[in-house]
Amino acid sequence: MIQLIDIPHEAPFTNCKLGREPYAKVLTDIVRTNGDGFVLAIDNKWGAGKTTFISMWSQMLQNEGFQTLYFNAWENDFENNPFVAITAELKTLLKDESSPVYKEIISKGSKIAKATIPSVMKAIIKKYAGEDIADIMKDYSEGVLEAFQEDIDAYVDRKKNIKEFHDDLEAYIKQNSNDKPIVFIIDELDRCRPDYAVSVLENVKHLFSVKGIVFVLSIDKEQ
């Protein structure tokens, strides 16, 4: 994390001139008593010191036995799919690089993240490449019907993969959390391009919302 002042390991709020340590203690109690996981927003204007505060709070959490993860959304918004970057952060929890549970997460995640050509276009391209336009127009409806069936099959498969991903992720968190929720901090969300910020929120809600993870969003809600 980037901060402008020194943050001592044992007493992280020593150099805080704004008296924010009591707020961090309240937030820590909230995290401690809501182990099943939730999403928390730390809201303030850009430049008000949110990153410094969460850096101090993160160290406080670590001192009390919590594991924390940090993801700077702004530094990663050159990516089109935040799912990959968020999943990669989880690897830092590994105690064993050969963890079979993590390998299962990667296996299920790869199926979710895999980019494919839209099935309607894929079916039409596959069927009609090299044929003249008259044949394409003649059998277009048949191609769309086949593609629609592919969409249905893909939807069912995607739901199955997401369910399995959730199950494996919960098992992984339980295995690596020391019986305390993992605090996953997402910083600088308000500085990202809008479509990427929305995509991050969608990923948090639909893919990573499992027991044992508390997400902390450092944002300017107005932005």
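1. Phe165 and Phe208 are both buried in this predicted model. Their ring planes stand at 85° with the centres 5.7 Å apart, so the pair is edge-to-face. Phe165 belongs to helix α7, whereas Phe208 sits in the loop between α8 and β4 (213-219); the pair thus links distant parts of the chain, 43 residues apart.

2. The structure holds 6 aromatic pairs. In another of them, the ring centres of Phe83 and Phe165 are 5.4 Å apart and the planes lie at 55°, so this pair is tilted. Phe83 is in helix α3 and Phe165 in helix α7 (residues 140-176), so the pair ties together parts 82 residues apart in sequence. Phe83 and Phe165 are both buried.

3. One aromatic cluster is formed by Phe13, Phe53 and Trp57.

4. Helix α3 (residues 82-90) packs with helix α8 (residues 194-206) at an angle of about 55°, the axes being 9 Å apart. That angle makes α3 oblique to α8, and the crossing is right-handed. On the α3 side Pro82, Phe83 and Ile86 take part, meeting Tyr196, Ser199, Val200 and Asn203 of α8. Sorted by class, this contact has 5 nonpolar and 2 polar residues, with no charged residues.

5. Attention is also drawn to Glu188, located in the loop between β3 (182-187) and α8. Most residues other than glycine have a negative phi. The phi of Glu188, however, is positive, near 60°. Is Glu188 buried or exposed? Its relative accessible area is 14%, and because buried means under 20%, Glu188 is buried.

Note on methods
Residues are numbered from 1 along each chain as its sequence is written. This is a predicted model: local features need pLDDT of at least 70, side-chain atom pairs count only at pLDDT 80 or more; totals for chains, interfaces and linings use all residues. Side-chain values use heavy atoms; hydrogens and water are left out. Axes are lines fitted to C-alpha atoms, for helices over the stretch in contact, and angles run from 0 to 180 degrees between N-to-C directions. Helices (H or I, at least four residues) and strands (E, at least two) are DSSP runs, numbered from the N terminus. Angles under 35 degrees count as roughly parallel, over 145 as roughly antiparallel, 65 to 115 as roughly perpendicular and the rest as oblique. A crossing is left-handed if the near helix is turned anticlockwise from the far one by less than a right angle, and right-handed if clockwise. Contact means heavy atoms within 4.5 Å. Ala, Val, Leu, Ile, Met, Phe, Trp, Tyr, Cys and Pro count as nonpolar, Asp, Glu, Lys and Arg as charged, and the others, Gly among them, as polar. Buried means under 20% relative accessible area, exposed over 50%, partly exposed in between (1.4 Å probe, protein chains only). Rings of Phe, Tyr and Trp (its six-membered ring) pair if their centres lie within 6.5 Å; planes under 30 degrees apart count as stacked, over 60 as edge-to-face and the rest as tilted.
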